[in-house]
Amino acid sequence: MNVEEEVERLKEEIKRLGNIQQDGSYKVTFGVLFHDDKCANLFEALVGTLRAAKRRKVLTYDGELLLQGVHDNVEIILKPTPAPAANMDRV
C-alpha cells in the first residue's frame with residue numbers, strides 16, 4: 001500500500017472514531033486511534049502515516065512525534081474537505 005492510500009484510510013478511520021465538529025472537521029485523540037483494534041491491524045506505522053498526512057495538510061495536531069501513553073490526549077483534527085467547485089461552464 002502506498003502513502004496516499006494509507007492517508008486515505010487514515011481519514012476514513014478518523015471519521016469513524018472521531019467526532020464531527022461544526023466546521024465539518026473531525027476530532028479524535030491519538031489514544032483512541034492508537035488503541036483501536038482495526039487501526040492497529042490497518043497501519044503498520046500509525047505515527048508515520050499521521051506525519052505523512054500532516055505534511056500533506058490533511059490533518060493537524062500539536063507536536064511532531066506522537067508517543068503512545070505520553071500523547072494519548074493529543075487531539076488530531078482532520079480538516080474539512082473543501083466543497084467541490086461549481087461547474088461554471090453551464091449557462
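Predicted model: local features only at pLDDT ≥ 70, side-chain atom pairs only at ≥ 80, totals over all residues.
Strand β2 (residues 26-29) and β4 run antiparallel, and four bridges join them. Within this pair, Lys27 has Ile77 of β4 as its bridge partner. Residues are numbered from 1 along each chain as its sequence is written, and side-chain values use heavy atoms, with hydrogens and water left out.The β2-β4 pair belongs to an open sheet of four strands, ordered β1-β2-β4-β3 with antiparallel pairing. Strands count as paired here if DSSP finds at least two bridges between them. At the edges sit β1 (19-20) and β3, each pairing on one side only. As for the bonding itself, strands of a sheet pair through backbone hydrogen bonds, either parallel or antiparallel.

Zooming out, the protein chain has four helices and four strands, and from the N terminus on they run α-β-β-α-α-α-β-β. These elements are DSSP runs numbered from the N terminus: helices are H or I with at least four residues, strands E with at least two. Of the 91 residues, 32% count as buried, meaning under 20% relative accessible area with a 1.4 Å probe, protein chains only. The chain exposes about 6,300 Å², and carbon and sulfur atoms supply 49% of that; the areas come from the Shrake-Rupley method with a 1.4 Å probe. Contacts are heavy atoms within 4.5 Å. Among those between residues at least 6 apart in sequence, 50% join residues at least 24 apart.

Helix α4 (residues 46-55) has its own set of buried residues: Leu46, Thr49, Leu50, Ala52 and Ala53. Looking down the α4 axis, the buried residues fall within an arc of 160°, so they line one face of the helix; the arc is taken from the directions between the helix axis and the C-beta atoms. Their cover includes α1 (3-17), α2 (30-35), β3 (59-60) and β4 (75-78). Just past the end of α4, Lys57 takes a positive phi of about 60°.

On the α1 side, Val3, Glu6, Val7 and Leu10 meet Leu46, Thr49, Leu50, Ala52 and Ala53 of α4. The axes of the two helices come within 9 Å and cross at roughly 95°, where axes are lines fitted to C-alpha atoms, for helices over the stretch in contact, and angles run from 0 to 180 degrees between N-to-C directions. Helices α1 and α4 are therefore roughly perpendicular to each other, a label that covers angles of 65 to 115 degrees.

Key
Buried < 20%, exposed > 50% of the residue type's maximum accessible area, 1.4 Å probe, protein only. Parallel < 35°, antiparallel > 145°, perpendicular 65-115°, else oblique.
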